[in-house]
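Keep the viewer open and follow along.

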Amino acid sequence: MDKAKSLVDKKGASGPFHVNNVQSPRGLNGLVVVAANGSCSSSNAFGLSTGPSGSTLEMHHLQRGEEKDCNGSPAKRSRLRRRTESVKRNRPPFPWFGMDIGGTLVKLVYFEPVDITAEEEQEEVENLKSIRRYLTSNVAYGKTGVRDVHLELRNLTMCGRTGNLHFIRFPTQAMPRFIQMGKDKNFSSLHTTLCATGGGAYKFENDFRTMADLELLKLDELDCLIRGLLFIDRVGFNGHPECYYFQNPSDPHSCVKKPCNLDNPFPMLLVNMGSGVSILAVYSENDYKRVTGTSLGGGTFLGLCCLLTGCETFEEALEMASKGDSTNVDKLVKDIYGGDYERFGLQGSAVASSFGHMMCKEKRDSISKEDLARATLITITNNIGSIARMCAVNEKIERVVFVGNFLRINTVSTKLLAYAMDFWSKGQLRALFLEHEGYFGAVGALMELLKTSEDL
């Protein structure tokens, strides 16, 4: 437990990443990777090894030493400069990306350095400048690509460089256009391998190779998920905790979102809610097992809503659900018992049969599309919550963490999950959520790059 605690200790900055609250001059160069041993790799941003690894801690010592001895002898200053430049050369060139290609969404993280020197800017090739300008000057890319500006991590120091971490998403079905953009911007002239995780890393591997002359370095999605989650939680969210929960989840009138720290996180039950759902029992950063999962996830919700309501997007489906009344669609306990089922503590408002009213033509004729969207959302969420609770009980784990893009802008589901965990466990289980929801795999892909490149 002491070792696990050290992995997510927020008080220190001895690891390769820490938050820097001092605004630095704008710049570009460096690398975003982390290893389990806390060192910086010499692999390039897309996975190819370019030399021996250089320690971030060493870089920090060199910087401090250079400041301390700046008035020393010319020979001493020259030695410091040579050592500093040696460490810098071990950092791969930009751009730095991590990609998680899921069944519904592609999640992309991009590190934008803000400490470019005049010399670096002069040496920067034009297509690299073009990529940086394109990604950071836009909040939307085409019709479906979005940069989640509200999630940006600012003034983050990574491997001796300071910058901003950007979070970008677009539908997986738009992947051919993304690959074409990589070809148009001549990505292959900068790097030969792109670090990626998720099932799409396998599905689109050949397309990247044949269409854009890019090689994908494929990484395990669950390893990336856990590593990325622990990192983001450790550095925090621009001075605020990444993690939160709902206080008084059983009372809709007093239910309030509260920040919290994920200190001593292990063991935890990690429920990853994407197109489908995977449930992991995590005992340390490198010790976990997949307990179970369900095919009924975010993809199911959107697919059914498209069929039942004619909506086209996740955002549209959630908007409809926010206006609907699921009790017009679902059969409740009180519809069967006339009230509560007191012997087993089942409230009359509990769902007895999802879509149970739809066997009646009169009910079918009276419902709205919004009611159907709401009932679909409640059905999927209740199923996930029920499975998660049973897994927590069986694994004897009290900390349940829900992540994944199914929870994006989805307060209905987060509050329902919080209520379900609290009510059915009689207050023993607390549902925890994270602000960056579905981006942890992409962050982990970036961090896994070092470990993988060392093995090449």
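The side chains of Glu205 and Arg209 come together in a salt bridge, at 3.4 Å from N to O. Bear in mind that what you're looking at is a predicted model. Both residues sit in helix α8 (residues 205-212), and because they are 4 residues apart there, about one helical turn separates them. How exposed are the two partners? Glu205 counts as buried, since its relative accessibility is 19% and the cut-off for buried is under 20%. Arg209, with a relative accessible area of 33%, is partly exposed.

Glu215 is partly exposed, at 31% relative accessibility.

Now jump to another pair. Arg408 forms a salt bridge with Glu315, and here the closest N and O atoms are 3.0 Å apart. Arg408 lies in the loop between β17 (399-403) and α15, while Glu315 belongs to helix α11 (residues 314-323), so this pair ties together parts that are 93 residues apart in sequence. Arg408 is buried, with a relative accessibility of 8%, whereas Glu315 is partly exposed at 33%.

Next up, the helices. Two packed helices are described by the angle between their axes and the distance between the axes. Follow the chain on from the Arg408 loop and you get to α15, which spans residues 411-424 and packs with α14 at an angle of about 40 degrees, the axes being 9 Å apart. Are α14 and α15 parallel, perpendicular or oblique? Roughly parallel needs an angle under 35 degrees, and roughly perpendicular needs 65 to 115, so α14 and α15 come out as oblique to each other. Their crossing is right-handed.

Helix α14 (residues 369-395) has another packing partner, α10, at an angle of about 160 degrees and with 10 Å between the axes. That angle makes α10 roughly antiparallel to α14, because anything over 145 degrees falls in that class. Here, too, the crossing is right-handed, with α10 passing α14.

Together with Leu307 and Leu308, Leu304 makes a nonpolar surface patch of about 290 Å².

For a contrast, look at Met158. This methionine lies in strand β6 (residues 153-158) and counts as buried, at 0% relative accessibility. Met158 and Phe111 are 47 residues apart in sequence, yet their C-alpha atoms are 9.2 Å apart in space.

Last stop: the backbone. Most residues other than glycine have a negative phi, and most peptide bonds are trans. With that in mind, head for the loop between β11 (256-260) and β12 (268-273), where you'll find Pro267. The peptide bond from Phe266 to Pro267 is cis, with omega near -5 degrees. Asn264 lies in the loop between β11 and β12 as well, and its phi is near 45 degrees, a positive value in a residue other than glycine. Asn264 is partly exposed, with 29% relative accessibility.

Which other asparagine is worth a look for its positive phi? Asn186 has a phi of about 55 degrees, although it is not a glycine. You'll find Asn186 in the loop between α6 (175-184) and β8 (193-197). With a relative accessible area of 39%, Asn186 is partly exposed.

Conventions. Residues are numbered from 1 along each chain as its sequence is written. This is a predicted model: local features need pLDDT of at least 70, side-chain atom pairs count only at pLDDT 80 or more; totals for chains, interfaces and linings use all residues. Side-chain values use heavy atoms; hydrogens and water are left out. Patches are made of residues with over 30% relative accessible area and no salt bridge: like charges are joined within 9 Å, nonpolar side chains (Val, Leu, Ile, Met, Phe, Trp, Tyr) within 5 Å. Accessible areas come from the Shrake-Rupley method with a 1.4 Å probe; for residues, only the protein chains shown count as cover. A salt bridge is a side-chain nitrogen of Lys or Arg within 4 Å of a carboxyl oxygen of Asp or Glu. Axes are lines fitted to C-alpha atoms, for helices over the stretch in contact, and angles run from 0 to 180 degrees between N-to-C directions. Helices (H or I, at least four residues) and strands (E, at least two) are DSSP runs, numbered from the N terminus. A crossing is left-handed if the near helix is turned anticlockwise from the far one by less than a right angle, and right-handed if clockwise. Buried means under 20% relative accessible area, exposed over 50%, partly exposed in between (1.4 Å probe, protein chains only).
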